[in-house]
Amino acid sequence: ASYLYQTLPVTSCTIVSNVNEGIYVQWTAIRARNCLIAGNGGDGIRITDDNSGYYNWIDNCTIAGNGGDGYDDSGNNNHMTTWFTNCVISGNTGYGVRRAATPNRNDYLAYCCVYGNTAGSFIGQNIIQGSGMLAADPQFVAPPSDYHLTNNSPCIGAGANLTSAGITNDLDLAARTNAFDIGCYESSFAP
(Lines give C-alpha, C1' and ligand atoms only; values in the text may rest on other atoms or scores of the structure.)
Protein backbone atom coordinates (compact mmCIF):
# COMPACT_ATOMS: atom_id res chain seq x y z
CA ALA A 1 0.00 0.00 0.00
CA SER A 2 1.06 3.60 -0.45
CA TYR A 3 1.04 5.51 2.84
CA LEU A 4 1.28 9.25 2.22
CA TYR A 5 2.08 11.77 4.96
CA GLN A 6 3.04 14.69 2.74
CA THR A 7 1.64 16.23 -0.42
CA LEU A 8 2.69 13.98 -3.25
CA PRO A 9 1.46 13.41 -6.79
CA VAL A 10 0.41 9.86 -7.60
CA THR A 11 0.75 9.70 -11.37
CA SER A 12 0.47 6.76 -13.77
CA CYS A 13 0.66 4.15 -11.02
CA THR A 14 -0.68 0.62 -10.85
CA ILE A 15 -1.69 0.00 -7.23
CA VAL A 16 -3.10 -3.51 -7.03
CA SER A 17 -3.43 -6.54 -4.76
CA ASN A 18 -2.39 -4.95 -1.48
CA VAL A 19 -3.63 -6.57 1.74
CA ASN A 20 -5.24 -3.34 3.00
CA GLU A 21 -5.98 -0.02 1.25
CA GLY A 22 -4.56 0.81 -2.14
CA ILE A 23 -3.79 4.39 -1.07
CA TYR A 24 -4.02 5.53 2.57
CA VAL A 25 -3.94 9.31 3.01
CA GLN A 26 -3.41 11.00 6.37
CA TRP A 27 -2.72 14.68 7.08
CA THR A 28 -2.11 15.58 3.47
CA ALA A 29 -3.65 15.88 0.03
CA ILE A 30 -3.12 13.81 -3.12
CA ARG A 31 -3.33 14.41 -6.82
CA ALA A 32 -3.90 11.02 -8.45
CA ARG A 33 -3.84 10.86 -12.25
CA ASN A 34 -4.07 7.92 -14.66
CA CYS A 35 -3.89 5.35 -11.87
CA LEU A 36 -5.27 1.83 -11.67
CA ILE A 37 -6.27 1.15 -8.06
CA ALA A 38 -7.74 -2.35 -8.06
CA GLY A 39 -8.01 -5.63 -6.21
CA ASN A 40 -6.80 -4.30 -2.87
CA GLY A 41 -8.07 -5.94 0.32
CA GLY A 42 -9.47 -2.73 1.82
CA ASP A 43 -10.62 0.57 0.34
CA GLY A 44 -9.18 1.70 -2.98
CA ILE A 45 -8.44 5.15 -1.49
CA ARG A 46 -8.93 5.95 2.19
CA ILE A 47 -8.68 9.46 3.65
CA THR A 48 -8.49 9.67 7.46
CA ASP A 49 -7.43 13.23 8.41
CA ASP A 50 -6.40 16.22 6.39
CA ASN A 51 -4.40 19.38 6.21
CA SER A 52 -7.24 21.90 6.15
CA GLY A 53 -7.21 24.06 3.08
CA TYR A 54 -5.91 21.38 0.73
CA TYR A 55 -7.89 19.56 -1.93
CA ASN A 56 -7.65 16.04 -3.33
CA TRP A 57 -7.76 15.74 -7.12
CA ILE A 58 -8.44 12.33 -8.64
CA ASP A 59 -8.37 12.43 -12.45
CA ASN A 60 -8.70 9.62 -15.02
CA CYS A 61 -8.33 6.85 -12.44
CA THR A 62 -9.91 3.40 -12.40
CA ILE A 63 -10.84 2.37 -8.86
CA ALA A 64 -12.28 -1.13 -9.15
CA GLY A 65 -12.63 -4.51 -7.49
CA ASN A 66 -11.37 -3.44 -4.06
CA GLY A 67 -12.44 -5.27 -0.89
CA GLY A 68 -13.82 -2.13 0.76
CA ASP A 69 -15.15 1.15 -0.59
CA GLY A 70 -13.76 2.60 -3.81
CA TYR A 71 -13.15 5.91 -2.01
CA ASP A 72 -13.67 6.38 1.75
CA ASP A 73 -13.51 9.77 3.42
CA SER A 74 -15.38 8.82 6.58
CA GLY A 75 -12.35 9.01 8.89
CA ASN A 76 -11.67 11.14 11.92
CA ASN A 77 -12.13 14.88 11.34
CA ASN A 78 -11.64 17.94 9.12
CA HIS A 79 -12.31 16.09 5.91
CA MET A 80 -11.13 17.90 2.83
CA THR A 81 -12.81 18.49 -0.48
CA THR A 82 -12.12 15.94 -3.21
CA TRP A 83 -12.64 16.50 -6.94
CA PHE A 84 -13.11 13.43 -9.17
CA THR A 85 -13.01 13.84 -12.95
CA ASN A 86 -13.07 11.08 -15.59
CA CYS A 87 -12.90 8.24 -13.04
CA VAL A 88 -14.39 4.75 -13.11
CA ILE A 89 -15.42 3.57 -9.64
CA SER A 90 -16.84 0.09 -10.11
CA GLY A 91 -17.09 -3.38 -8.64
CA ASN A 92 -15.89 -2.51 -5.14
CA THR A 93 -17.26 -4.60 -2.25
CA GLY A 94 -18.34 -1.52 -0.27
CA TYR A 95 -19.72 1.76 -1.61
CA GLY A 96 -18.32 3.55 -4.64
CA VAL A 97 -17.90 6.78 -2.62
CA ARG A 98 -18.33 7.03 1.16
CA ARG A 99 -18.35 10.52 2.66
CA ALA A 100 -18.55 11.71 6.26
CA ALA A 101 -21.00 14.46 7.16
CA THR A 102 -18.62 17.40 7.38
CA PRO A 103 -19.99 20.93 6.95
CA ASN A 104 -18.42 23.09 4.25
CA ARG A 105 -16.53 20.16 2.70
CA ASN A 106 -17.75 18.33 -0.38
CA ASP A 107 -16.88 15.61 -2.83
CA TYR A 108 -17.49 16.65 -6.44
CA LEU A 109 -17.75 14.14 -9.26
CA ALA A 110 -17.96 14.97 -12.96
CA TYR A 111 -17.64 12.75 -16.02
CA CYS A 112 -17.32 9.65 -13.83
CA CYS A 113 -18.79 6.17 -14.12
CA VAL A 114 -19.95 4.83 -10.74
CA TYR A 115 -21.48 1.39 -11.15
CA GLY A 116 -21.84 -2.04 -9.62
CA ASN A 117 -20.41 -1.39 -6.18
CA THR A 118 -21.87 -4.07 -3.88
CA ALA A 119 -23.11 -1.78 -1.07
CA GLY A 120 -24.24 0.98 -3.46
CA SER A 121 -22.87 3.95 -5.37
CA PHE A 122 -22.81 6.66 -2.69
CA ILE A 123 -23.31 7.06 1.05
CA GLY A 124 -22.97 10.21 3.12
CA GLN A 125 -23.69 13.89 2.78
CA ASN A 126 -22.09 16.52 0.56
CA ILE A 127 -21.51 14.29 -2.48
CA ILE A 128 -22.23 16.45 -5.50
CA GLN A 129 -22.67 14.87 -8.93
CA GLY A 130 -21.99 17.19 -11.82
CA SER A 131 -22.06 16.87 -15.60
CA GLY A 132 -21.39 13.71 -17.53
CA MET A 133 -22.09 11.15 -14.80
CA LEU A 134 -22.68 7.53 -15.88
CA ALA A 135 -24.31 4.67 -13.96
CA ALA A 136 -23.61 1.92 -16.48
CA ASP A 137 -21.34 -1.10 -16.70
CA PRO A 138 -17.94 0.26 -17.84
CA GLN A 139 -17.37 -3.00 -19.74
CA PHE A 140 -13.78 -3.83 -18.87
CA VAL A 141 -11.97 -6.36 -21.07
CA ALA A 142 -11.28 -8.99 -18.37
CA PRO A 143 -11.31 -7.85 -14.75
CA PRO A 144 -9.48 -8.39 -12.46
CA SER A 145 -6.57 -8.86 -14.86
CA ASP A 146 -7.42 -6.29 -17.56
CA TYR A 147 -9.24 -3.00 -16.89
CA HIS A 148 -8.98 -1.66 -20.45
CA LEU A 149 -12.34 -0.74 -22.02
CA THR A 150 -14.06 -2.94 -24.58
CA ASN A 151 -15.32 -1.41 -27.83
CA ASN A 152 -18.88 -1.23 -26.41
CA SER A 153 -17.97 0.69 -23.25
CA PRO A 154 -20.08 3.78 -22.49
CA CYS A 155 -16.90 5.35 -21.04
CA ILE A 156 -15.30 5.76 -24.48
CA GLY A 157 -15.25 9.44 -25.44
CA ALA A 158 -17.47 10.34 -22.45
CA GLY A 159 -14.87 12.22 -20.37
CA ALA A 160 -13.85 15.84 -20.08
CA ASN A 161 -10.76 17.02 -21.94
CA LEU A 162 -8.10 17.59 -19.24
CA THR A 163 -5.25 18.61 -21.52
CA SER A 164 -5.20 22.08 -19.92
CA ALA A 165 -4.64 20.34 -16.54
CA GLY A 166 -1.58 18.61 -17.98
CA ILE A 167 -3.08 15.20 -18.73
CA THR A 168 -2.05 14.16 -22.24
CA ASN A 169 -1.43 10.40 -21.92
CA ASP A 170 -3.02 7.42 -20.21
CA LEU A 171 -1.51 4.75 -17.92
CA ASP A 172 -0.10 2.92 -20.97
CA LEU A 173 1.37 6.25 -22.21
CA ALA A 174 -1.07 6.29 -25.13
CA ALA A 175 -2.10 9.78 -26.17
CA ARG A 176 -5.42 11.04 -24.81
CA THR A 177 -7.70 12.17 -27.60
CA ASN A 178 -9.87 15.28 -27.75
CA ALA A 179 -12.79 13.24 -26.40
CA PHE A 180 -11.15 11.71 -23.31
CA ASP A 181 -12.21 8.27 -22.17
CA ILE A 182 -13.28 7.78 -18.55
CA GLY A 183 -10.77 5.73 -16.54
CA CYS A 184 -7.02 5.20 -16.57
CA TYR A 185 -6.83 3.76 -20.10
CA GLU A 186 -7.60 5.54 -23.37
CA SER A 187 -9.26 3.16 -25.82
CA SER A 188 -8.28 2.78 -29.44
CA PHE A 189 -12.01 2.57 -30.29
CA ALA A 190 -13.95 5.60 -31.53
CA PRO A 191 -16.85 6.86 -29.40
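Analyst: A search of the whole structure finds 8 salt bridges, a salt bridge being a side-chain nitrogen of Lys or Arg within 4 Å of a carboxyl oxygen of Asp or Glu. This is a predicted model, in which local features need pLDDT of at least 70 and side-chain atom pairs count only at pLDDT 80 or more, while totals for chains, interfaces and linings use all residues. Residues are numbered from 1 along each chain as its sequence is written, and side-chain values use heavy atoms, with hydrogens and water left out.

User: Which residue forms a salt bridge with Asp69?

Analyst: Asp69 pairs with Arg98, the closest N and O atoms being 2.6 Å apart. Because Asp69 lies in the loop between strand S9 (62-64) and strand S10 (71-73) and Arg98 in strand S13, this bridge ties together parts that are 29 residues apart in sequence. Asp69 is buried, with 4% relative accessible area, whereas Arg98 is partly exposed, with 27%.

User: How is a pair of aromatic rings to be read, and how many aromatic pairs does the structure hold?

Analyst: A pair of aromatic rings is described by the distance of the centres and the angle of the planes. Rings of Phe, Tyr and Trp (its six-membered ring) pair if their centres lie within 6.5 Å; planes under 30 degrees apart count as stacked, over 60 as edge-to-face and the rest as tilted. The structure holds 5 aromatic pairs. One of them, Tyr55 with Trp57, is tilted, at 6.5 Å centre to centre and 55 degrees between the planes. The rings of Phe140 and Tyr147 have their centres 4.9 Å apart and their planes at 80 degrees, and therefore form an edge-to-face pair. Phe140 is buried at 13% relative accessibility, and Tyr147 is buried at 7%.

User: Which residues touch the most other members of the largest nonpolar core?

Analyst: In soluble globular proteins, nonpolar side chains tend to be buried together. A nonpolar core is a set of buried Ala, Val, Leu, Ile, Met, Phe, Trp, Tyr and Cys residues joined through side-chain atoms within 4.5 Å. The largest one has 22 residues, of which Ile45, Ile58, Phe84, Ile89 and Leu109 touch the most other members. Strand S4 (23-25), strand S5 (30-33) and strand S7 (45-47) are the elements that give two or more residues to this core. Apart from it lies another core of 14 residues, including Leu149 and Cys184.

User: How many helices and strands does the protein have, and what share of its residues is buried?

Analyst: The secondary structure comes to 0 helices and 19 strands. Of the 191 residues, 50% count as buried.

Technical notes:
Buried < 20%, exposed > 50% of the residue type's maximum accessible area, 1.4 Å probe, protein only. Helix = DSSP H or I, 4+ residues; strand = E, 2+ residues; numbered from the N terminus.
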